Structure formats: C-alpha cells, structure tokens
Amino acid sequence: MEDVDTSPALLGALSSEQFMLQSIAGSTIGEAGTRSMIYLSALSGGLVAIGFASSTKGLLAPLAFTVLPTIFLLGWFTIVRLVDTTIESVTATRRIEAIRAYYARLTPTAHRFFAAEDPMSNGKFGVRYSRWSVVFAMASMIGLVNAVLAGSITALALTITAHASIVVATAAGVGVGVLLFAATVIYERVRVGALFPRAAEDS
C-alpha cells in the first residue's frame with residue numbers, strides 16, 4: 001500500500017471539509033426546492049387572479065399580459081439558478097468523493113468501505129446516470145411548466161390581439177412551447193454536460 005499521510009491534523013481538516021461539503025450539497029437541494037415552490041406558487045396565484053378577472057370586461061387582457069409575462073421571466077430566473085445549484089451539488093459531491101478516496105487508502109481493507117462510484121458508468125447509490133438524465137432534473141420540470149406558460153401566452157395574445165382562430169393560436173402556442181422547452185434542455189446539457197467530458201464526447 002502506498003504511503004498515506006495519516007497525521008491527526010490532516011484527518012481533522014478532511015473531516016471538517018467533508019462536513020462543509022455535505023452542508024453545501026444539502027443546501028443546494030433545499031434552495032432548489034424553495035425556488036421551485038416560489039415559482040409554482042406565483043404561477044398558481046397568477047392564474048387564480050386571472051380567473052377572477054375573466055368575468056370583468058376589459059380587465060382580462062391587461063392583467064394577463066402583465067402577470068403571465070412576469071411569471072414567465074421568474075421561471076427563467078428559476079431555471080438558471082436551478083442549473084447553478086445542480087453544478088454546485090455535483091462539484092461538492094466530487095470533492096467528497098476525493099476525500100473518501102483518501103480514506104480508502106488509509107488501511108489495506110479500507111477500500112471496502114469507501115468504494116468509488118462513477119454515476120456515468122457503474123451507477124451511484126444504485127442509479128446510473130447518462131447524458132440525457134438532465135431531462136429529468138428539477139430545472140427541466142420548471143422549464144416544461146414555463147414552456148407551457150409561454151405557449152399559453154402566445155395563444156392568448158394571438159386570440160385577443162390578432163383575433164386568430166383557436167386552431168392557429170393553439171398551433172402557434174404549441175410551437176413556442178416546444179422550442180422553449182428544447183432551449184431549456186440544451187441550456188442544461190451545455191452547462192451541466194461540461195462537468196462530464198466523457199459524456200460530451202459520446203454525444
């Protein structure tokens with residue numbers, strides 16, 4: 001076995017670092033959940049307000065075209081930050097894995113308790129990730145809802161301002177929604193995929 005520095009000072013520093021990294025990883029999950037809840041709550045409240053305003057003539061359009069675009073922008077802010085927290089979580093987890101790799105070299109049998117796991121190949125805690133796993137991330141979930149919102153805004157705008165038919169407005173809304181969701185997934189893949197150069201080479 002290679003020589004490993006087992007000084008108490010280093011072990012204590014690594015333990016503190018691991019605890020800090022675990023706190024960072026946990027906080028990213030909490031922040032992601034909170035931001036998603038804020039967005040969904042704002043969307044729900046906005047739709048309720050529009051529902052009440054729909055019975056008042058002349059109030060629906062001004063309210064809808066003020067509230068819905070604002071919520072749409074909030075959605076994009078949320079998506080960007082969710083991708084940030086994903087990157088922070090992955091980075092913190094990798095640093096924890098580096099510390100665990102050090103622990104695995106402390107004794108000849110330590111590797112049995114600190115086995116390295118590669119989420120892109122052998123799986124991590126029973127789950128194998130691929131370059132398409134980003135589609136199922138929380139940012140994608142918010143991106144999907146936001147894309148539907150953008151499509152609805154488009155259809156509503158065409159119906160109210162251009163007096164387009166339901167078929168034309170719906171088709172335009174679907175097209176906008178699909179394009180925006182695709183843009184969201186591409187944005188995620190570009191940013192998160194940079195952390196997995198092997199996956200980028202395989203794509």
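Student: At 19% relative accessibility, does serine 89 count as buried or exposed?
Tutor: In this predicted model, serine 89 has a relative accessibility of 19%. Buried means under 20% relative accessible area, exposed over 50% and partly exposed in between (1.4 Å probe, protein chains only). Serine 89 therefore counts as buried.

Student: In which helix is serine 89 found, and what does it contact beyond its neighbours within four places in sequence?
Tutor: Serine 89 is found in helix H2. Contact means heavy atoms within 4.5 Å. With neighbours within four places in sequence left aside, the partners of serine 89 are Ala25 and Thr28.

Student: How do the axes of H1 and H2 run, roughly parallel or roughly antiparallel?
Tutor: H1 covers residues 8-53 and H2 residues 60-103, and their axes come within 9 Å. The axes cross at roughly 165 degrees, on a scale where under 35 degrees is roughly parallel, over 145 roughly antiparallel, 65 to 115 roughly perpendicular and the rest oblique. That makes the two helices, H1 and H2, roughly antiparallel.

Student: How many residues of the contact of H1 with H2 are nonpolar, polar and charged?
Tutor: Asp, Glu, Lys and Arg count as charged; Ala, Val, Leu, Ile, Met, Phe, Trp, Tyr, Cys and Pro as nonpolar; the others, Gly among them, as polar. The residues of the contact of H1 with H2 divide into 27 nonpolar, 10 polar and seven charged.

Student: How are H2 and H4 oriented, roughly parallel or roughly antiparallel?
Tutor: H4 spans residues 166-193, and its axis lies 10 Å from that of H2. The packing angle is about 25 degrees. H2 and H4 are therefore roughly parallel.

Student: Which residues of H4 make the contact with H2?
Tutor: On the H2 side are Phe72, Trp76, Ile79, Val80, Val83, Asp84, Thr86 and Ile87. By class, the contact of H2 with H4 has nine nonpolar, two polar and three charged residues. The H4 side consists of Leu180, Thr184, Tyr187, Glu188, Arg191 and Val192.

Student: How much of the protein is buried?
Tutor: The protein has five helices and zero strands, and its elements run α-α-α-α-α from the N terminus. Of its 203 residues, the share that counts as buried is 30%.

Definitions and conventions:
Residues are numbered from 1 along each chain as its sequence is written. This is a predicted model: local features need pLDDT of at least 70, side-chain atom pairs count only at pLDDT 80 or more; totals for chains, interfaces and linings use all residues. Side-chain values use heavy atoms; hydrogens and water are left out. Helices (H or I, at least four residues) and strands (E, at least two) are DSSP runs, numbered from the N terminus. Axes are lines fitted to C-alpha atoms, for helices over the stretch in contact, and angles run from 0 to 180 degrees between N-to-C directions.
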